[in-house]
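Hi everyone, thanks for making the time.

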Amino acid sequence: MRFRVLGPLEVRTDDEVVVTPQGPRKQKILAALLLNAPHAVSVDHLLEAVWGVDPPVTAARQIRNTTTELRRELVAHGAPAGVITAVGPGFQVNLDACWFDLGEFEERLAVAGRAGSREALAELERALALWRGPALDGLNSDALRPAARALDERRLAALERRYGVEIDLNGGADVLEEVGALAQQHPYRETLVAHLMRAHYRAGRQAEALAAYQRLRGLLDAELGVAPGQAVRDLYERILRQDSSLLDGPTVPRQLPPDATLYGRSELIAELRTDRVVVLTGPGGVGKSALAVHVAHRLADSFPGGQLYADLSRASAHDVLGRFLRALGMPPDELPRDVEERSAEYRSLLASRRVLIVLDDAQDERQVRPLLPGYPGSAVLITSRRSLTALREATHHTVPALAPDDAVTLLLEAARTPDRDAAVEVAALCGHLPLALNVIAARLTARPDLTLVKIRDRLLGQRVVLDELAIGDLDVRGSIAVSYRSLRPDAAVALRRLALLDANAVPAWVLAAFADQPWEAGDRLLDELHACHLVEAAGIDEAGQSRFRLHDLVHEFAAERLRAEDPPAAQRQSVARLVHGLLAIAATADRLIGHGGTTGALVPREAPGVALAAARQRPFDWFEAERALLVAAVRRAASAQLRDEASELASCVRGFFTVRQHHADGEAVARAALDCLDRDDPRALQHIRQLYTMYSQQDRNAELPALADAALAVAGALGDPKALAEARWQSAATNLRLGRLHAAVESYRDCLTTFATMPGTEVHIALTRWGLGSALADLGQTDEAIRLLEPFTRAEPSRLTAIGLAAYAEALVDSGSPAPALAAVEKALEMVRAIGDEPGEAHLHVVRAYALHADGREARDVLQNAVEVLRRHHDPQGTASALRRLGDVTGDRGHWEEALAIYRRIGLPLEAARTLHRLGDPAAMTEFGTASLRYRT
């Protein structure tokens with residue numbers, strides 16, 4: 001089926017039989033659907049097209065009925081069954097299997113826009129041949145008339161393009177009569193009059209050309225009170241002075257630098273078409289210039305007016321305009337003096353040409369604007385280290401580093417002895433940055449003895465990788481320095497001091513800390529660094545914060561500038577401010593997860609607002625997002641001998657690292673804080689305790705006695721009774737863990753007595769009750785254990801309370817009371833779930849399963865799930881405990897044997913003996929003494 005609207009509405013079959021629907025109502029509905037294809041048209045719009053502003057009461061029903069008849073009629077003549085479909089409150093025409101003259105017209109115009117002059121002329125003629133008269137001629141509908149006029153305007157614009165190309169190619173004599181007639185019909189169209197003037201002049205009729213301008217000027221002045229536009233005025237002046245370039249045809253500049261081989265970029269190249277203005281941004285050395293030149297060479301045939309190129313890194317718009325005007329044929333002695341006049345002449349010369357302009361390494365929008373064409377036809381490719389976001393009319397593309405495979409291919413093609421593994425490492429060390437990779441490729445080409453393996457070893461052995469990434473005029477350090485020098489002072493300070501941290505992704509407020517600016521200045525600083533592509537976006541973190549990072553080579557450059565420009569005292573001050581900012585947020589998050597490990601002494605009154613809000617709403621997510629930053633900050637503070645800051649922040653994060661079992665991070669911050677404190681500093685004890693907790697969670701049981709002894713030594717040196725009691729508690733906990741139950745009970749009783757005499761030791765007393773109750777239960781002294789543990793049923797919800805309730809529930813089951821034990825476990829589970837402690841929840845389910853089994857209920861599934869969770873969290877003791885209970889429930893010796901192997905591996909002799917007892921070894925418990933027969937098994 002063939003539909004036509006470029007002229008009277010017409011429908012033909014594929015055999016060219018006219019089957020246009022009869023009746024104005026059907027024709028108006030079909031025209032409205034065709035003009036809006038492929039979008040749906042509402043019934044309201046259709047009734048307006050048919051009746052205007054005064055439709056009958058039954059109009060909506062009539063529209064639906066008539067549209068249904070129209071569809072039936074079209075299908076009967078061979079149209080697809082779905083040619084018209086009901087969509088929501090309206091209808092839609094489907095032209096996928098049909099021909100449509102308007103679609104053909106638009107497609108040929110698009111091809112002409114991409115083609116060279118002669119091909120463009122042919123396409124324009126084919127497009128215009130589709131017209132049979134005014135659009136929708138004879139169809140009387142006020143609602144459709146604006147769309148028909150817009151189509152007629154498209155035809156006029158296409159005619160103007162066709163005449164312009166014809167005059168450029170052939171002088172215009174063949175179309176002079178047509179242009180003159182059309183200019184009489186449309187006397188206000190300046191482009192059409194300009195074509196008429198050029199055609200007259202090129203035909204040797206200067207007087208007629210000047211007369212055409214005078215008619216236009218007089219008409220505009222009399223009717224509208226305005227003068228002709230700058231482009232027509234400039235053409236008039238050139239004809240008046242008999243500019244010979246108008247006779248010879250325009251000068252065609254070909255200024256593009258040589259094309260280069262590109263690796264990868266195929267998707268980006270495919271996206272870069274003939275948009276009027278395209279901006280390619282990215283960090284220095286990422287290959288923006290090479291990409292722009294390569295694309296310009298590919299598109300050159302589509303711009304018969306030529307290609308202009310300028311490096312804007314050290315040139316003003318004034319100078320570049322002078323070069324461009326000379327290249328476009330303007331004599332040097334006629335160049336205007338100021339930028340505005342040069343820009344106006346430049347746009348006038350481009351108005352009737354299709355020229356591709358490449359503006360390389362633009363500094364800012366102000367430099368670029370005078371170089372942009374004023375009329376459609378020409379296109380501009382701009383590269384810049386800055387984002388140039390104020391060029392809103394442009395299409396923006398960020399050029400990334402090369403994909404790893406493409407970077408490796410570049411290196412392998414340059415190497416005489418390809419080694420893919422070495423190429424992968426070298427590419428990574430270069431950050432996949434094209435400039436750095438090309439430096440390496442140039443070295444490989446220049447030195448036959450060099451191999452990728454040798455280069456890899458040199459890069460790995462260099463303290464400063466940037467020293468290796470320079471050869472000839474290729475210099476990565478210099479490329480980054482250009483962007484660095486464009487920064488304002490506070491942004492430059494912030495960039496340098498980011499090197500104080502490892503290459504972590506961080507939020508914007510960190511920049512404010514390093515630049516010693518108000519917290520809210522972080523976003524402004526980030527905008528500037530991002531605009532210069534010195535930082536790259538790292539996505540949204542778990543807490544909903546935007547994060548950014550430095551490219552590895554930019555990080556190294558920042559570290560160089562930090563050493564050169566910032567004295568140690570300034571660096572130390574920046575680290576302190578960073579830690580204070582982190583403390584302000586972390587202290588809030590820590591309180592919300594139920595720990596409160598900070599003293600509050602260093603917490604500032606003001607905190608980064610967005611980050612603080614994230615921590616209040618999602619404390620665990622905030623901690624997860626900032627894990628790497630928190631560890632880096634503690635380490636950096638410790639290395640700078642900021643003892644208070646390092647110790648306070650390490651204390652503030654220990655609760656989170658404990659709950660989430662981030663053992664390596666917890667150990668790292670505790671070690672860093674401990675190493676910067678004096679051994680007689682009372683704060684050393686809390687960091688030893690943190691290490692003790694981390695080692696316990698990891699079942700590094702053999703190392704626990706040494707930590708307990710270290711705590712006793714520090715406490716003894718301090719001479720503080722409370723510190724000494726805390727250290728003795730740690731020794732008691734070690735004895736309990738290693739099965740030395742009598743020693744544990746003795747120490748716990750002493751600690752309980754001591755803490756009872758001291759104010760502010762409620763937590764200490766609770767911990768001691770838990771430890772003593774657990775030890776007594778293990779000794780088989782269940783009644784006393786229950787009495788000591790029972791207060792946990794009335795304690796405030798916390799992780800410690802949940803631990804105490806677990807021990808209480810287990811002792812209740814030992815005493816033959818599974819029902820109250822289950823109630824205690826459920827209460828503990830609520831607390832643990834509230835703080836998101838998944839492994840802690842699994843431990844409680846092991847106790848719950850013990851109670852369920854004792855109550856004669858199903859417990860296997862509960863234990864199997866607990867085993868799965870504890871394995872996933874790498875908790876060997878918890879896994880062994882769950883496996884042993886699973887063996888108790890199922891009678892499967894394999895579970896006991898696996899539990900035994902784990903207990904032996906992690907060094908828990910009492911637990912191993914209890915498991916052996918289950919496996920039928922009657923002597924298993926004897927090594928713990930004759931009283932061991934009463935031990936819990």
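This is a predicted model: local features need pLDDT of at least 70, side-chain atom pairs count only at pLDDT 80 or more; totals for chains, interfaces and linings use all residues.

Three strands make up an open sheet here, in the order 3-5-4, and the pairing is antiparallel. Which strands stand at the edges? Those are strand 3, residues 41-42, and strand 4, residues 84-87. Each of them has a single partner strand, so one side of each is left without a neighbour in the sheet. If you look at strand 4 and strand 5, with strand 5 being residues 90-93, you'll find four bridges joining them, and they run antiparallel.

Helix 1, residues 24-36, lies across strand 3, strand 4 and strand 5, and its direction is at about 65° to strand 5. The peptide bond going from alanine 37 to proline 38 is cis, with omega near 5°.

Let's jump along the chain to strand 10, residues 379-384. How many of its residues are buried? Six of its six, so to speak, and the strand is mostly covered. In strand 10, both faces are covered. On one side you have Ala379, Leu381 and Thr383, on the other Val380, Ile382 and Ser384, and they're all buried.

Who pairs with strand 10? On the one hand there's strand 7, residues 277-281, which pairs with strand 10 in the parallel sense over five bridges. As a landmark, valine 277 stands opposite valine 380 in strand 10. On the other hand there's strand 9, residues 356-362, which is joined to strand 10 by five bridges, and these two run parallel. The landmark for that pair is alanine 362, standing opposite serine 384 in strand 10.

While we're in this part of the sequence, two single residues. Serine 343 sits in helix 15, which is residues 339-350. Is serine 343 buried or exposed? It's buried, with a relative accessible area of 5%. Leaving aside residues up to four places away in sequence, serine 343 touches Leu321 and Pro370.

The second one is leucine 388, in the loop between strand 10 and strand 11, where strand 11 is 395-398. The phi of leucine 388 is near 55°, which is a positive value in a residue other than glycine. With a relative accessibility of 3%, leucine 388 counts as buried.

Okay, on to some helix packing. Take helix 30, residues 643-659, and helix 31, residues 663-676: their axes come within 9 Å and cross at roughly 155°. That makes helix 30 roughly antiparallel to helix 31. From helix 30, the contact is made by Arg643, Ala646, Ser647, Ala650, Val653 and Phe657, and from helix 31 by Asp665, Gly666, Val669, Ala673 and Cys676. Sorted by class, the residues of that contact are seven nonpolar, two polar and two charged. And the crossing of helix 30 past helix 31 is left-handed.

What about the loop between those two helices? Glutamine 661 is found there, between helix 30 and helix 31. Its phi is near 55°, again a positive value in a residue other than glycine. Glutamine 661 is buried, with a relative accessible area of 13%.

Last stop: helix 35, residues 741-756, and helix 36, residues 762-778. They pack at an angle of about 155°, with their axes 9 Å apart. That makes helix 35 roughly antiparallel to helix 36, and helix 35 passes helix 36 in a left-handed crossing. Among the residues meeting here are Leu741, Tyr748 and Phe755 in helix 35, and Ile765, Trp770 and Leu776 in helix 36. By class, this contact has 13 nonpolar, three polar and three charged residues.

Technical notes: Residues are numbered from 1 along each chain as its sequence is written. Side-chain values use heavy atoms; hydrogens and water are left out. Axes are lines fitted to C-alpha atoms, for helices over the stretch in contact, and angles run from 0 to 180 degrees between N-to-C directions. Angles under 35 degrees count as roughly parallel, over 145 as roughly antiparallel, 65 to 115 as roughly perpendicular and the rest as oblique. A crossing is left-handed if the near helix is turned anticlockwise from the far one by less than a right angle, and right-handed if clockwise. Contact means heavy atoms within 4.5 Å. Ala, Val, Leu, Ile, Met, Phe, Trp, Tyr, Cys and Pro count as nonpolar, Asp, Glu, Lys and Arg as charged, and the others, Gly among them, as polar. Buried means under 20% relative accessible area, exposed over 50%, partly exposed in between (1.4 Å probe, protein chains only). Two strands pair if DSSP finds at least two bridges between them.
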